[in-house]
Amino acid sequence: MNNNERWESMYLQIVGYLYTYKRRPSKYYSEDLRMVNWMKYNRKLELRGELSPERLKKFNVLTALCEKYQRINQNAYVNPDVVPADKL
């Protein structure tokens, strides 16, 4: 298995995880840690400009999908008007 195949399989694994569990991989679960580290590494490559254009397109789709599954209580600290007072 070459690098492109490994990258593609990890990409598909994370997309499948997002659709299955309706949440992002967590750094607190050992079984999710590999996916979290892969995302962090590719984010660093993206910031350095070292990610190929085709991978960059797919990674941007993946990050947009991850934003869709952002936890609601993370927003409570940024914008308390969004979360009702009885939920805080």
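Helices (H or I, at least four residues) and strands (E, at least two) are taken as DSSP runs numbered from the N terminus.

**Figure 1. Overall architecture of the predicted model.** The order of elements along the sequence is α-α-α, with three helices and zero strands in the protein. The model is predicted, so that local features need pLDDT of at least 70 and side-chain atom pairs count only at pLDDT 80 or more, whereas totals for chains, interfaces and linings use all residues. Residues are numbered from 1 along each chain as its sequence is written, and side-chain values use heavy atoms, with hydrogens and water left out. The accessible surface (Shrake-Rupley method, 1.4 Å probe; for residues, only the protein chains shown count as cover) amounts to about 6800 Å², and carbon and sulfur atoms account for 53% of it. Of the 88 residues, 27% are buried; this term denotes under 20% relative accessible area, with exposed meaning over 50% and partly exposed in between (1.4 Å probe, protein chains only). Contacts are defined by heavy atoms within 4.5 Å. When contacts between residues at least 6 apart in sequence are considered, 51% join residues at least 24 apart.

**Figure 2. The largest nonpolar core.** A nonpolar core is a set of buried Ala, Val, Leu, Ile, Met, Phe, Trp, Tyr and Cys residues joined through side-chain atoms within 4.5 Å. The largest such core holds 17 residues, and those touching the most other members are Tyr11, Ile14, Leu18, Trp38, Met39, Phe59 and Leu62. At least two core residues come from each of helix H1 (3-21), helix H2 (33-48) and helix H3 (53-68). H1 provides the largest share, seven residues.

**Figure 3. Packing of H1 against H3.** Two packed helices are described by the angle between their axes and the distance between the axes. Axes are lines fitted to C-alpha atoms, for helices over the stretch in contact, and angles run from 0 to 180 degrees between N-to-C directions. The axes of H1 and H3 cross at roughly 15 degrees and come within 11 Å. The two helices H1 and H3 are therefore roughly parallel; angles under 35 degrees fall in this class, those over 145 are roughly antiparallel, those from 65 to 115 roughly perpendicular, and the rest oblique. H1 passes H3 in a left-handed crossing, a term for a near helix turned anticlockwise from the far one by less than a right angle, clockwise being right-handed. On the H1 side the contact is made by Asn3, Asn4, Trp7, Glu8, Tyr11, Ile14, Val15, Leu18 and Tyr19, and on the H3 side by Arg55, Lys58, Phe59, Val61, Leu62, Leu65 and Cys66.

**Figure 4. Packing of H1 against H2.** The axes of H1 and H2 lie 11 Å apart, at an angle of about 120 degrees. The crossing of H1 past H2 is left-handed. H1 contributes Trp7, Met10, Tyr11, Gln13, Ile14 and Tyr17 to the contact, and H2 contributes Arg34, Met35, Trp38, Met39 and Asn42.

Figure 5. H2 and H3 pack with their axes 11 Å apart and at an angle of about 125 degrees. This angle makes H2 oblique to H3. H2 passes H3 in a left-handed crossing. Trp38, Met39, Asn42, Arg43 and Glu46 of H2 meet Leu56, Phe59, Asn60, Leu62 and Cys66 of H3. Asn42, a residue of helix H2, is buried, with a relative accessible area of 1%. Apart from residues up to four places away in sequence, Asn42 touches Trp7, Leu51 and Phe59. With neighbours within four places likewise set aside, Phe59 is in contact with Trp7, Trp38, Met39, Asn42, Arg43, Glu46 and Leu51.

**Figure 6. The loop between H1 and H2.** Lys22 belongs to this loop, and its phi is near 55 degrees, a positive value in a residue other than glycine. Arg23 also lies in the loop between H1 and H2 and is partly exposed, with a relative accessible area of 31%. Beyond residues up to four places away in sequence, Arg23 touches Tyr17, Leu18, Tyr29, Asp32 and Tyr69. The C-alpha atoms of Arg23 and Cys66 are separated by 7.7 Å, although these residues stand 43 residues apart along the chain. Ser26, in the loop between H1 and H2, is buried, with a relative accessible area of 16%.
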